[in-house]
Amino acid sequence: MNNTYPTGKMRAMVLHEVGHPLIPCSIDIPVPNADQVLLKVMACGVCRTDLHIVDGELPHPNLPLIPGHEIIGTVVRTGSNVNTFKEKDIVGVPWLGYTCNKCRYCTHHQENLCEQALFTGYTMNGGYAEYTIAYEQYCFPMPPMYANAAGAPLLCAGFIGYRSWNKIRDDAENIGIYGFGAAAHILTQIAVYKKKNIYAFTKRGDTLSQMFALDNGAKWAGDSTGHAPVKLDAAIIFAADGALIPIALRNLRKGGQVICGGIHMSDIPPFPYSHLWEERSVQSVANLTRQDGDLLLQVAPQVPVRTTIRMYTLEEANSALSDLRKGNLNGAAVLVL
């Protein structure tokens with residue numbers, strides 16, 4: 001471990017009790033273990049998953065907790081076993097923070113389902129702070145064009161969006177996206193690059209989000225409660241509304257797929273079997289694998305993906321969460337330090 005590193009206190013926004021605002025605190029700068037790096041946080045995206053944690057929709061966060069799992073940071077200290085990164089490297093830290101590499105899921109290429117997984121900003125501290133620690137093997141070297149605040153949304157919205165995308169069959173051409181936020185605006189750009197047609201569904205009357213979808217390359221945008229103008233080959237649901245699943249199924253052609261890309265969703269209402277019949281399917285997407293991240297960071301510069309972000313200071317984290325909760329954002333919120 002190198003001998004020069006920051007010591008003392010750092011600013012952090014800390015969740016002490018779910019359902020309550022984050023509290024600005026001055027706490028000790030963390031010390032990495034042999035397999036970790038210490039990062040000076042440049043930026044951290046504000047993800048809907050953070051909102052689910054703060055609002056108590058995801059159970060058992062490790063309180064007190066520093067949220068945030070879309071981290072862009074500069075390496076300032078490395079553990080004795082770290083070989084991949086060195087000081088001053090700029091890396092990204094995603095939701096998946098650690099896996100055991102031993103359980104049946106890890107040994108069968110399903111590390112996203114690891115029995116002993118740790119998650120950044122949920123079961124281990126995240127990036128709503130001046131410094132954070134992360135395991136070397138779960139950090140990503142960032143392409144130069146994304147080694148800044150604009151790259152933060154790629155680390156969850158991008159990764160999960162691309163994992164959801166890769167669940168869809170290659171021959172799908174007309175694809176619906178329900179909920180047009182951070183993940184959708186990244187994925188739509190990739191879809192257009194791959195010559196696919198995106199049909200964007202938003203809340204009724206949300207013309208700003210519909211215009212945002214069209215600006216990012218969607219072929220059509222309209223209300224989520226309505227009918228698609230064509231039968232869809234597949235649909236990806238990012239909105240946390242279970243009532244959208246029966247609606248999306250009705251819009252599918254035979255053999256079509258519904259992919260649920262969120263970590264939390266409200267209850268799914270009953271629907272007739274006829275909506276699922278003819279080999280339609282519904283599948284969830286859980287967490288991510290490091291391969292998902294590698295693939296997304298390879299394709300994003302080729303498109304190139306341009307993220308739309310609204311920047312906040314660290315101390316404005318509660319305002320960013322509130323804007324996300326109220327639907328007052330196009331694109332992604334990012335805390336910039």
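**Figure legends: a tour of one protein chain**

View 1. Among contacts in the protein chain (heavy atoms within 4.5 Å) between residues at least 6 apart in sequence, 69% join residues at least 24 apart. This is a predicted model, where local features need pLDDT of at least 70 and side-chain atom pairs count only at pLDDT 80 or more, while totals for chains, interfaces and linings use all residues. Residues are numbered from 1 along each chain as its sequence is written, and side-chain values use heavy atoms, with hydrogens and water left out. The secondary structure comes to seven helices and 17 strands; these are DSSP runs numbered from the N terminus, with helices (H or I) of at least four residues and strands (E) of at least two. The radius of gyration of the protein chain is 20 Å, close to the 20 Å that the globule rule gives for 337 residues, so the chain is as compact as a globular protein of that length. Here the radius is taken over C-alpha atoms, and the rule is 2.2 Å times the number of residues to the power 0.38. Along its principal axes, the C-alpha trace spans about 65 × 40 × 35 Å. Of the 337 residues, 54% count as buried, meaning under 20% relative accessible area with a 1.4 Å probe, protein chains only (exposed is over 50%, partly exposed in between).

**View 2. An open parallel sheet.** Follow six strands in the order S12-S11-S10-S13-S14-S15, with parallel pairing; two strands pair if DSSP finds at least two bridges between them. Strand S12 (220–223) and strand S15 (281–284) stand at the edges with a single partner strand each, so one side of each is left without a neighbour in the sheet. On average, neighbouring strands of this sheet are turned by 20 degrees against each other, direction ignored. Axes here are lines fitted to C-alpha atoms, for helices over the stretch in contact, and angles run from 0 to 180 degrees between N-to-C directions.

View 3. Strand S10 (residues 174–178) pairs with strand S13 (residues 232–237) in the parallel sense over four bridges, and Ile175 stands opposite Ala234 in S13. Helix H3 (residues 182–193) packs on the sheet, touching S10, strand S11 (197–202) and S13, and its direction makes about 170 degrees with that of S10. Helix H4 also packs on the sheet, touching S11 and S12, with its direction at about 160 degrees to that of S12.

**View 4. Gln210 in helix H4.** Look for Gln210 in helix H4 (residues 207–215). Why does Gln210 count as buried? Because its relative accessibility is 13%. Its side chain makes a polar contact of 3.0 Å with that of Thr202 and another of 3.1 Å with that of Asp223. A polar contact is a pair of N or O atoms within 3.5 Å; within protein, one must be able to donate a hydrogen and the other to accept it, and residues adjacent in sequence count only if both atoms are side-chain atoms.

**View 5. Thr49 in helix H1.** Thr49 lies in helix H1 (residues 48–54) and is buried, with a relative accessible area of 10%. Thr49 and Ile263 are 214 residues apart in sequence, and 6.9 Å apart in space, C-alpha to C-alpha.

**View 6. Strand S8 and its partner.** Four of the five residues of strand S8 (residues 131–135) are buried. Strand S3 (residues 36–46) pairs with S8 in the antiparallel sense over five bridges, and Leu38 stands opposite Ile133 in S8.
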